[in-house]
Amino acid sequence: CNKDDDNNAWVPTGSGDYYMKGKVDGNDYNNSAYFAPTSTLNSGTLMIQSSTDGGNSMQIQIPNFDGEGTYNSGGNVLANGYINYMTLTPFKTYTSVRGSGTVEVTEVTETYIKGTFSAVAPENEEGATTSVTITEGDFKVKR
């Protein structure tokens, strides 16, 4: 056995062609290098989910998904869907349901869904006074 064989250590495969990224209050958000973001389409509702290597996560839900187009959330109407952001430490959740959010689906193919998003997402707690601003959101998720 040669010491050069140590190059066989496990290396993450990464997310490949699929990603979810953006800025949260000006700080970069990128999905984990170990796991690609996921999407499901169930009973007309599109759900996209990702997490960072540090355990923070982002979710987008679009009810009545109808392909390419603009989807808005907010106004305390859960039925319009949401853009959520969660921090692990400290544990807090923020949602566009209490604020406002926009998802622009720009491309839908047999294999992926692509688009952009932004939101003002107050903390998801009654009477909360803190919020996050999500900008430059961009995703391409496997269908």
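From the N terminus on, the protein chain runs β-β-β-β-β-β-β-β-β-β-β. That makes 11 strands and 0 helices. Strands (E, at least two residues) and helices (H or I, at least four) are DSSP runs, numbered from the N terminus. This is a predicted model: local features need pLDDT of at least 70, side-chain atom pairs count only at pLDDT 80 or more, and totals for chains, interfaces and linings use all residues. Residues are numbered from 1 along each chain as its sequence is written, and side-chain values use heavy atoms, with hydrogens and water left out.

**Confidence**

- The average pLDDT of the protein chain is 90, and 90% of the residues score at least 70. pLDDT is the predictor's confidence in each residue, from 0 to 100.
- Over residues 1-14, pLDDT stays under 50. The model has 5 contacts beyond four places in sequence for this stretch. A contact means heavy atoms within 4.5 Å.

**Whole chain**

- The protein chain has 143 residues, and 38% of them count as buried. Buried means under 20% relative accessible area, exposed over 50%, and partly exposed in between (1.4 Å probe, protein chains only).
- Among contacts with a separation of 6 or more, 48% join residues 24 or more positions apart.

- Two strands pair if DSSP finds at least two bridges between them.
- Axes are lines fitted to C-alpha atoms, for helices over the stretch in contact, and angles run from 0 to 180 degrees between N-to-C directions.
- Strands E7 (residues 82-87) and E8 (residues 92-95) run antiparallel and share 4 bridges.
- E7 and E8 form a hairpin, with 4 residues between them.
- Methionine 86 is placed opposite threonine 93 in E8.

**Six-strand sheet**

- The open sheet of 6 strands has the order E2-E1-E11-E10-E9-E6, again with antiparallel pairing.
- Strand E2 (27-30) and strand E6 (69-74) are its edges, each pairing on one side only.
- Neighbouring strands here are turned by 15° against each other on average, direction ignored.
- Strand E9 (residues 100-108) runs antiparallel to strand E10 (residues 112-122), and 8 bridges join them.
- Serine 100 faces valine 120 in E10 as its opposite residue.

**Asparagine 84**

- Asparagine 84 sits in strand E7. Its relative accessible area is 18%, so asparagine 84 is buried.
- The side chains of asparagine 84 and threonine 95 make a polar contact of 2.7 Å. A polar contact is a pair of N or O atoms within 3.5 Å; within protein, one must be able to donate a hydrogen and the other to accept it, and residues adjacent in sequence count only if both atoms are side-chain atoms.
- Leaving out residues up to four places away in sequence, asparagine 84 touches Ser57, Met58, Gln59, Tyr94, Thr95 and Ser96.
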